[in-house]
Amino acid sequence: MILPVASVVTKNSLKEFLLCKFSLELFHDCKWYVCCDVECHTALAGFPNVVLFEVAVDDRCSDHNSAAEKERDAFLKIIL
């Protein structure tokens, strides 16, 4: 069975995504559906099991772990 996985990846989260992808694929066959920025599109285009949707994203000030409301709101705009 191939596990479908959806994710949002930006330049700031690319390393975290690659670790997640590597870890999950140790135990499962996966098909990835990824919304990403231009930088990540270039980095992920070589993976045969990744379908990319390039979007214009500015995540210089986004952080889902931040206490600042502005940074959390910017993050939510990226993932929604």
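The tour goes from the whole chain to the sheet, then to single residues.

**Before you start**

This is a predicted model: local features need pLDDT of at least 70, side-chain atom pairs count only at pLDDT 80 or more, and totals for chains, interfaces and linings use all residues. Residues are numbered from 1 along each chain as its sequence is written, and side-chain values use heavy atoms, with hydrogens and water left out.

**Stop 1: the whole chain**

Colour by secondary structure. The protein chain has 3 helices and 3 strands. Helices (H or I, at least four residues) and strands (E, at least two) are DSSP runs, numbered from the N terminus. Read from the N terminus, the order is β-α-β-α-β-α.

Accessible areas come from the Shrake-Rupley method with a 1.4 Å probe; for residues, only the protein chains shown count as cover. Of the 80 residues, 28% count as buried. Buried means under 20% relative accessible area, exposed over 50%, and partly exposed in between (1.4 Å probe, protein chains only).

Contacts come next; here a contact means heavy atoms within 4.5 Å. Take the contacts between residues at least 6 apart in sequence: 47% of them join residues at least 24 apart.

**Stop 2: the sheet**

Select the strands. In what order do they lie in the open sheet? The order is β1-β2-β3, and the pairing is parallel. Two strands pair if DSSP finds at least two bridges between them. β1 (2-9) and β3 (50-54) stand at the edges with a single partner strand each, so one side of each has no neighbour in the sheet. On average, neighbouring strands are turned by 15° against each other, direction ignored. Axes are lines fitted to C-alpha atoms, for helices over the stretch in contact, and angles run from 0 to 180 degrees between N-to-C directions.

Check both pairings:
- β1 and β2 pair in the parallel sense over 8 bridges. Pick Leu3: its bridge partner in β2 is Cys30.
- β2 (residues 29-36) is joined to β3 by 5 bridges, again parallel. Pick Trp32: its bridge partner in β3 is Val50.

**Stop 3: two faces of β2**

Show the side chains of β2. Which of them are buried? Cys30, Trp32, Val34 and Cys36 point to one face and are buried.

**Stop 4**

Select Ile2, in strand β1. Ile2 counts as exposed, at 57% relative accessibility. Setting aside residues up to four places away in sequence, Ile2 touches Asp29, Cys30 and Lys31. Draw a distance from Ile2 to Lys31: they are 29 residues apart along the chain, yet their C-alpha atoms are separated by 6.5 Å.

**Stop 5**

Select residues 14-25. This is helix α1, which lies across β1, β2 and β3 and runs at about 165° to β2.

Now show Lys21 and Glu25. Their side chains meet in a salt bridge (2.9 Å, N to O). A salt bridge is a side-chain nitrogen of Lys or Arg within 4 Å of a carboxyl oxygen of Asp or Glu. The whole structure has 1 salt bridge. The two residues are 4 apart in helix α1, so about one helical turn separates them. Are they buried or exposed? Lys21 is buried at 4% relative accessibility, while Glu25 is partly exposed at 27%.

**Stop 6: a nonpolar patch**

Select Leu19, Phe22, Leu26 and Phe27. They form a nonpolar patch on the surface, with about 510 Å² of accessible area together. Patches are made of residues with over 30% relative accessible area and no salt bridge: like charges are joined within 9 Å, nonpolar side chains (Val, Leu, Ile, Met, Phe, Trp, Tyr) within 5 Å. Leu19 is found in helix α1 and counts as exposed at 56% relative accessibility.

**Stop 7: two loops**

Asn12 is in the loop between β1 and α1. Asn12 is exposed, at 55% relative accessible area. Its C-alpha atom is 9.4 Å from that of Cys40, 28 residues along the chain.

End at Phe47, in the loop between α2 (38-44) and β3. Phe47 is partly exposed, at 30%. Leaving aside neighbours within four places in sequence, Phe47 is in contact with Leu18 and Lys21. Phe47 and Trp32 are 9.5 Å apart, C-alpha to C-alpha, and 15 residues apart in sequence.
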